[in-house]
Amino acid sequence: MSDLPQKRPGTAVLGPPIKGDDAVASFVPFGIGQDKPHHFVEMAEVMWENRDSLPYAWNILNNGVCDGCSLGPRGLRDDVIEGTHLCTTRLKLLRLNTMPALAPADVMDIDRLRQLSNKELQELGRIPYPFVYRKGDRGFKRVSWDEAMGIAAELTRDVPGERMGFFATSRGVTNEAYYTFTKAARLLGSNHVDLCARLCHAATVAGLLGTIGYGAPTCSLKDLIGTDVLLLIGTNISNNQPVTMKYLMEAKRKGTRVVVVNTTLEKGLERYWIPSDVKSCLFGTQLMDDFVQVKAGGDIAFMNGVLKALIAKGAQDQDYIDTHTVGFDEMAAKVAGQKWSDLERVSGVARNRMEWVAELWGRARSGVTIYSMGLTQHSHGVENVEDVVNLHLARGFMGREKCGILPIRGHSGVQGGGECGVNPAKLPGGFKIGPETSARFKELWGGHDIPEWAGHSTGPMVEAAAAGELDLFYNLGGNLYHTMPDPEFVREAYANVKLRIHQDIVINTSTLIEPGDTILLLPAQTRYEQRGGGTSTNTERRVRFSPEIEGHPYVGGPSPSTRSPAASPAPSSQSSPTP
């Protein structure tokens, strides 16, 4: 931090940055008696669960890119700080990669399957072969790949692209699989193709794109280490991205002040025991310096209060504002005109707390904000994101070291899914749907016509299914029945679709909803089984290669001589698909 200026030009002098405390959480060794994760117990449980495949499991952990959260360590290392990086999120997913196949007899009674939870369905084992279920059947019937492809062809041969929907999940899916998935949809004539990010960070893309022209993170995870102030707004990274706790520990040791803004106090953000660091493992690390409790939906009022106080102190970076922004005077006039009593009532935060955060932000020479779905999952999610941008532009905390906005992703492949074109309005590379773009991709993809109309996103796609406007709904992983806000509506929508294809490594509850006519259940490979390996893009947009991990028998039989180069179905001993 020493090379950063003590005072940005055009900024009032409020004083030096107010540093965070680098304190231990408890002097009781290992946090005995504390409310905390029991990492070593959980590690032992994972070892026992994977005892039949320990060498393969170790190879995944040591050599593969993490398929857990969006940070994506490569093996046990990453590009942020030195040391071992391994969390229980990744460990608890390990069994999905090592478990054996389910038995065909397990899926012969669909009524029995419908009584099971998602966890119980997962524990049945990997989907080893293609299966078919026709409305009214007792259960799923095993078929060959040729038969499965024949059924799909028969039921979709005369279906126009406008009546086809495609939805993809993100955990563990590679960039190559996303590209293949969206390309297949377009070549079949459909732009109704979307990703689970629609349920998470659509507001981020819109809010950042509309303000700074860049709908993705503006800084690296490295910028957390040593920034003066780290704002955590509407996020619980201790549970969802546990590896970040190690980054926060290092940041605290360099004087970073951590301010948490949330509706509830998350214990893991207050203090954490990091097992790969001796001091933190023994005594824990006090992470949070300040906690601001906002009302649900009160984030804009809170941030406007901070801006109001910041500008009143004269702490805005006027030179940066004049050089790099537009509309500041209008924004400043708007927040100046908002009454403190209204800001306090809507945000649930006292004026002096908002002024304190403004003091911290105004004294800082650098600042990073991490947020996630606590900001985006609102009817005004886009406006929440825009106000985060205002906080950063007001202080010039953009485009330089230790500064920026980091909307942290949840799943390991989600960033790459959007960039590879799993989007109803864009093609790979972010090219917007339209005549010129369609012509470009027609030439790239062998002369096949590419539809020019903008497709449905996930919500409208489900609504179209409910209205009887879809004859095919292809689900690459995911469980919209479990994740959408109205499960019964999803059930009704799925039941209206003539053919549903569910391609996944395990069965889930959405797979079992009675179809309009037919369900095809197709197996898939994990990222570690993808032939030749594959890539994924993490939350800071690093593209990482994960090699094919040898040492585990292919589920369902020997490796076929030909298979899709990305997330292809797991091979069948009967026949194999032609890519």
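This is a predicted model: local features need pLDDT of at least 70, side-chain atom pairs count only at pLDDT 80 or more; totals for chains, interfaces and linings use all residues.
**Strand S6 and its partners**

- S5 and S6 run parallel and are joined by five bridges.
- Within that pairing, Ile 233 has Val 261 of S6 as its bridge partner.
- S6 is also joined to strand S9 (residues 290-293), again in parallel, by four bridges.
- Val 261 turns up here too, standing opposite Val 292 in S9.

**The nonpolar cores**

- The largest nonpolar core has 43 residues, and Leu 231 and Phe 302 are those with the most contacts inside it.
- The elements giving two or more residues to this core are strands S5 (229-233) and S6 (257-262), along with helices H13 (299-312), H14 (318-324), H15 (328-336), H16 (340-347), H17 and H19 (381-395).
- Helix H13 gives the most to this core, with seven residues.
- Setting aside neighbours within four places in sequence, Leu 231 is in contact with Val 259, Val 357, Trp 361, Val 368, Thr 369, Ile 370 and Leu 391.
- A second, separate core has 29 residues, including Ala 152, Ala 168, Ala 177 and Ile 501.

**Helix H17**

- In H17, the buried residues are Met 354, Val 357, Ala 358, Glu 359, Leu 360, Trp 361 and Gly 362.
- How far apart are the end C-alpha atoms of H17? They are 18 Å apart, which agrees with the 18 Å that its 13 residues (351-363) should span at 1.5 Å a residue.

- Strand S3 (residues 164-168) is mostly covered, as five of its five residues are buried.
- Met 164, Phe 166 and Ala 168 point one way from S3, and Gly 165 and Phe 167 point the other way.
- S3 pairs with strand S14 (residues 472-476) in the parallel sense, over five bridges.
- S3 also runs parallel to strand S4 (residues 193-195), with three bridges joining them.
- Phe 167 takes part in both pairings: Asn 475 stands opposite this residue in S14, and Asp 194 is its bridge partner in S4.
- Together, S3, helix H7 (residues 175-187) and S4 make a right-handed β-α-β unit.

**Helix H22 and Val 462**

- Which residues of H22 are buried? They are Thr 458, Met 461, Val 462, Ala 464 and Ala 465.
- Viewed down the axis of H22, these buried residues fall within an arc of 155 degrees, so they line one face of the helix.
- That buried set packs against S3, S4, S14, helix H23 (480-483) and helix H24 (487-495).
- Val 462 lies in H22, which covers residues 458-466.
- Val 462 counts as buried because its relative accessibility is 2%, and the cut-off for buried is under 20%.
- Beyond its neighbours within four places in sequence, Val 462 is in contact with Leu 480, Met 484, Phe 489, Val 490 and Ala 493.
- Val 462 and Ser 546 are 84 residues apart in sequence, and their C-alpha atoms are 33 Å apart in space.
- After H22 comes Gly 468, which has a positive phi near 75 degrees.

Notes: Residues are numbered from 1 along each chain as its sequence is written. Side-chain values use heavy atoms; hydrogens and water are left out. The expected span of a helix is 1.5 Å times one less than its number of residues. Buried means under 20% relative accessible area, exposed over 50%, partly exposed in between (1.4 Å probe, protein chains only). Contact means heavy atoms within 4.5 Å. A nonpolar core is a set of buried Ala, Val, Leu, Ile, Met, Phe, Trp, Tyr and Cys residues joined through side-chain atoms within 4.5 Å. Two strands pair if DSSP finds at least two bridges between them. A crossover is right-handed if, with the strands pointing away from the viewer, the path from the first strand over the helix to the second runs clockwise. The arc is that of the directions from the helix axis to the C-beta atoms.
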